[in-house]
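Welcome! Take a look at it first, and then read on.

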Amino acid sequence: MGTTAASATDNEQIHFRTCTLCEAMCGVEIKHDGEKVLSIKGDKNDPFSQGYICPKATALQDLYEDPDRLRGPVERTADGWKSISWIEALDKVAAGIQSVQQKYGQNAFGVYLGNPNVHNMGGMLTIKQLLTSLKTRSRFSATSIDQLPHHIVSMHLFGHMLRIPVPDVNRTQYMLIIGGNPLASNGSIMTAPNMRQKLKDIKARDGKVVVIDPRRTETADIASEHHFIRPATDVLLLLAMLNEIYAQGYAKVDSRVAGLAPEIDRIASFAEGFTPESVANITGITATEIKRIVKEFCEAESSVCYGRMGISVQEFGLLSQYLSMVINIVTGRLDEVGGLMFPNPAVDVVNSSGPGYLGKRHSRVSNLPDFNGEYPVVAMADEMLVAGEGQLKGFMSVAGNPVLSTPNGEKLDEALSGLEFMVSLDYFVTETSRHANIILPPVSPLERDHYDITFNGFAVHNVAKYSPALFSKTENEKHDWEIYLELADRLDKDAPEAVQKERAATKAFGPKFLLEQALKYGPYKDVTLDALIDNPHGIDLGPLHRMLPEAIKHADKQINLNVDFYQTDLVRVKEMMQQYDNQEILLIGRRHVRSNNSWLHNSYRLVKGKSRCTLMLHPETAAQHGIEDGQDVRVTSRVGSVVIAAEVTDELMPGVVSIPHGFGHGRKGVKQKIAQAHAGVSVNDLTDDTLIDQLSGNAAVNGVPVQLEALGANADNVANAVLENSIDSIDSAIA
């Protein structure tokens, strides 16, 4: 039992830890009686979150108690799923992997790493052992349906893929948010709990928050102003802003940071011709407004431009993130208080990992570039379906559900069903893991130690916090790191002696042994594992501060703007402008604070209430297609179609529709009762695996052209009413 405070009563105990269900790193106070959770609240003494939590934190209890969660390995048989021992399961998995590789070659076995991996200390510190032992180049991850452009820009400019600056939101006077909804995401590549209050604080100190998004999001609702923009045209807005910065004379090319960028003079002509007037009709933002935004941004005492998912996951994602960074540089906002600053975490992952690389190899079928040894996820299904040397015949998914989270999910569903051998490391039978021959389930978040290896590197304030496991695992359960190491031992028996010694030490002492070593080599000599254990609420390491040029990982300590690489993409931009069809209906995704991709839909607390899986569309768009609020609509793209209820709202700009990400739990064989009762549809049955940011290989899941068809009242509506009644009954029974 890992409690970190004295008993509140004879039976009640209090445990402090970090919530691991999103990027915000909120501190939680968990009251429990033995192994029964009594309550989960915000930890008021946590120096980072200061008592704030979002609704997701309660799902820590739901995950721990979930009757659908697997507690031991299972094997898929003709008679259904069968429990097997860990020794048998691990032996069969190793044999299955080796069989595929012996028959078809090492790269015929692929691996996909899902988003939850980066929220897991043990997993982050030991996953390399598993990946090395697999000896395959066929690797994929959620990176290329999310933040890949951030990594490439930081690798180019600052010399490391993880040297990503974040908004100094606690001190800025003007925050421009393009394609981000931090109230729903709690930040995202900007680890920041209680963003609602942080944005209110900006306004309270006479600052300004400006949101640019095709939807009037929760963030836009509390902003100083919001501007609608046509999906995937952010690149034009950013080019026009850069052009206007120079036209109005706001470029600070003699600033301290500009002096670190040898190519800074070339930026003056980078956006030549992209005037506010030239982009206004396509973006939907007037030239007058663009010019005013530039003027206010540049004249503010401090300001920061923050672009997130909306500008990353579209056809010009990499160029858009580059332009966002360049705008912060040429206006003198990088590495300055209230601007874009670099965190200084106690575990320095940047100094203990490689810088990353782009395009050393290309995918076999689609010829897309790899990044740091991973191919884009849009290539994954074709690598399984297209015959030839190197075709994927076996596969491992680790803490991921790509059938719901990657483009053209139906195609991947088909591809997974045809594999010779598949294993999933997951604690549910999901839309993806149902295809596995064997599922290896790790323990739940409350049963493992935690230190945030990843998100301290994106935090808007420097902190450090270690949380021991709240509950001890049973003898028949394993940590993910134990699964990794045991598979590595079976797959790579001839590993170098140093590797074998590290495995043995980690097995003996757990991943906190590796954490202890990492802290020793970090920038804070007083932040040791013992010190963290003595401070269960966490240690405050202070606000962000200037880090340049020391933080630059290029040998010459200069910012490499890599202008030639990015300038080539302007050809595609000009072609887009010439061919643009503003009559198309474009699909975008959306997030909700009570959800996190497809992870949490089996938590009854988080899914109860009104259905959130709806088709949002503007009244004008609805009228044009004869659609009424609540009516079923068939939405069709190049790759598929779904039927979904309409939610008519002026939150969306005309010509844009939105379906939330992560639903679609109606597929056969899924073993998550609550998620199935709230199945919804998968937006990724509509997103197109051929829509790609060609510069990076990142998936373009925003701005997908679709057609709409209103469906009349028929038997389907009656069936839906019956299903809704059943769902209400399930909710009542659970509550």
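Seven strands build an open sheet here: 7 strands in the order S5-S4-S18-S17-S16-S6-S7, with mixed pairing. Strands and helices are DSSP runs numbered from the N terminus, with at least two residues (E) for a strand and at least four (H or I) for a helix; two strands pair if DSSP finds at least two bridges between them. The model is predicted, so to read it well, note that local features need pLDDT of at least 70, side-chain atom pairs count only at pLDDT 80 or more, and totals for chains, interfaces and linings use all residues. Residues are numbered from 1 along each chain as its sequence is written, and side-chain values use heavy atoms, leaving out hydrogens and water.

**The open sheet**

- At its edges lie strand S5 (80–83) and strand S7 (139–141), each of which pairs on one side only.
- Neighbouring strands of this sheet are turned by 20° against each other on average, direction ignored; axes are lines fitted to C-alpha atoms (for helices, over the stretch in contact), and angles run from 0 to 180 degrees between N-to-C directions.
- Strand S16 (residues 394–398) and strand S17 (residues 421–425) run parallel and are joined by 5 bridges.
- Serine 397 has serine 424 in S17 as its bridge partner.

**Helices on the sheet**

- Helix H2 (residues 86–104) packs on the sheet and touches strand S4 (74–77), strand S6 (109–113), S16, S17 and strand S18 (438–440), where contact means heavy atoms within 4.5 Å.
- The direction of H2 makes about 120° with that of S18.
- Helix H3 (residues 121–134) also packs on the sheet, touching S6, S7 and S16, and its direction makes about 160° with that of S6.

**Helix H3 meets helix H16**

- H3 and helix H16 (residues 480–491) pack at an angle of about 20°, and their axes are 8 Å apart.
- The two helices H3 and H16 are therefore roughly parallel to each other (angles under 35 degrees count as roughly parallel, over 145 as roughly antiparallel, 65 to 115 as roughly perpendicular and the rest as oblique).
- Residues making the contact include Ile127 and Leu130 of H3, and Trp481 and Leu485 of H16.

**The barrel**

- Elsewhere, 6 strands close into a barrel in the order S23-S27-S24-S26-S25-S28, with mixed pairing.
- Neighbouring strands of this sheet are turned by 45° against each other on average, direction ignored.
- Strand S24 (residues 615–617) pairs with strand S26 (residues 641–648) in the parallel sense over 3 bridges.
- Leucine 615 has alanine 646 in S26 as its bridge partner.
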